[in-house]
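Keep the 3D view open as you read.

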Amino acid sequence: ILQQSLVFLDANKASSSLMVVLLNILKRLKLNYSDEITIRFIIHGAFVIERAVRSDPLPNKKTREIINSHADIYNTISEELDALNNIFNITISKAEIATITQIFLEYM
């Protein structure tokens, strides 16, 4: 499904990279693995990478609020996502990181 939805990103490379990042985030946040969070994170993450390649991030009106009220979680996720910046030569925006943070907040 992911391969058919991505425009130019290699779905295998993206999903394997995102899986490593996810496992690190789960460990650092002391969250249990679940298929639901894995699917949500990998699908959303792949589209985040594609948008970052195009320099076209989705806005998030709650970015500042999320950073201020959940700084530790936001920073943990930001640090782990930095691996994707290096792998794909991109910069993931604060708004995209805030949106990913919202996903994990639902499981805390």
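Start at E80, which, leaving aside its neighbours within four places in sequence, is in contact with V21, N24, I25 and R28. Contact means heavy atoms within 4.5 Å. E80 is found in helix α5. Helices here are DSSP runs (H or I, at least four residues), numbered from the N terminus. With a relative accessible area of 14%, E80 is buried. Buried means under 20% relative accessible area, exposed over 50%, and partly exposed in between (1.4 Å probe, protein chains only).

Some ground rules come with the coordinates. This is a predicted model, where local features need pLDDT of at least 70, side-chain atom pairs count only at pLDDT 80 or more, and totals for chains, interfaces and linings use all residues. Residues are numbered from 1 along each chain as its sequence is written, and side-chain values use heavy atoms, with hydrogens and water left out.

E79 is partly exposed, with a relative accessible area of 49%.

Now look at the packing of α2 and α5 (residues 71–88). Their axes are 10 Å apart and the helices pack at an angle of about 155°. Axes are lines fitted to C-alpha atoms, for helices over the stretch in contact, and angles run from 0 to 180 degrees between N-to-C directions. α2 and α5 are therefore roughly antiparallel to each other. The cut-offs are these: under 35 degrees is roughly parallel, over 145 roughly antiparallel, 65 to 115 roughly perpendicular, and the rest oblique. The crossing of α2 and α5 is right-handed. A crossing is right-handed if the near helix is turned clockwise from the far one by less than a right angle, and left-handed if anticlockwise. On the α2 side, the contact is made by K13, A14, S17, L18, V21, N24, I25, R28 and L29. On the α5 side, I73, T76, I77, E79, E80, L81, A83, L84, I87 and F88 take part. By class, this contact of α2 with α5 has 12 nonpolar, 3 polar and 4 charged residues. Ala, Val, Leu, Ile, Met, Phe, Trp, Tyr, Cys and Pro count as nonpolar, Asp, Glu, Lys and Arg as charged, and the others, Gly among them, as polar.

How does α2 meet α3? The axes of α2 (residues 11–29) and α3 (residues 35–53) come within 9 Å and cross at roughly 125°. That makes α2 oblique to α3. α2 passes α3 in a right-handed crossing. From α2, A14, S15, L18, M19, V21, L22, I25 and L26 meet I37, T38, F41, I42, G45, A46 and I49 in α3. The residues of this contact of α2 with α3 divide into 12 nonpolar, 3 polar and no charged.

On to α3 and α6. These helices pack at an angle of about 175°, with their axes 11 Å apart. That makes α3 roughly antiparallel to α6. I37, R40, F41, H44, V48 and R51 of α3 make the contact with E96, T99, I100, I103 and F104 of α6. The split by class for α3 with α6 is 6 nonpolar, 2 polar and 3 charged residues.

Which residues have the most contacts inside the largest nonpolar core? They are L18, F41, I49, I77, L81, L84 and F104, in a core of 33 residues. A nonpolar core is a set of buried Ala, Val, Leu, Ile, Met, Phe, Trp, Tyr and Cys residues joined through side-chain atoms within 4.5 Å. The elements that give two or more residues to this core are α2, α3, α5 and α6 (94–105). α2 gives the most, with 8 residues. In soluble globular proteins, nonpolar side chains tend to be buried together.

Zoom in on F104. F104 lies in helix α6. At 0% relative accessibility, F104 counts as buried. Leaving aside its neighbours within four places in sequence, F104 is in contact with L22, I25, L26, L29, L31, I37, F41 and I77. F104 and I25 are 79 residues apart in sequence and 9.1 Å apart in space, C-alpha to C-alpha.

Finish in the loops. K30 is found in the loop between α2 and α3. Phi of K30 is near 55°, a positive value in a residue other than glycine. At 75% relative accessibility, K30 counts as exposed. N89 sits in the loop between α5 and α6. N89 has a positive phi of about 55° although it is not a glycine. At 71% relative accessibility, N89 counts as exposed.
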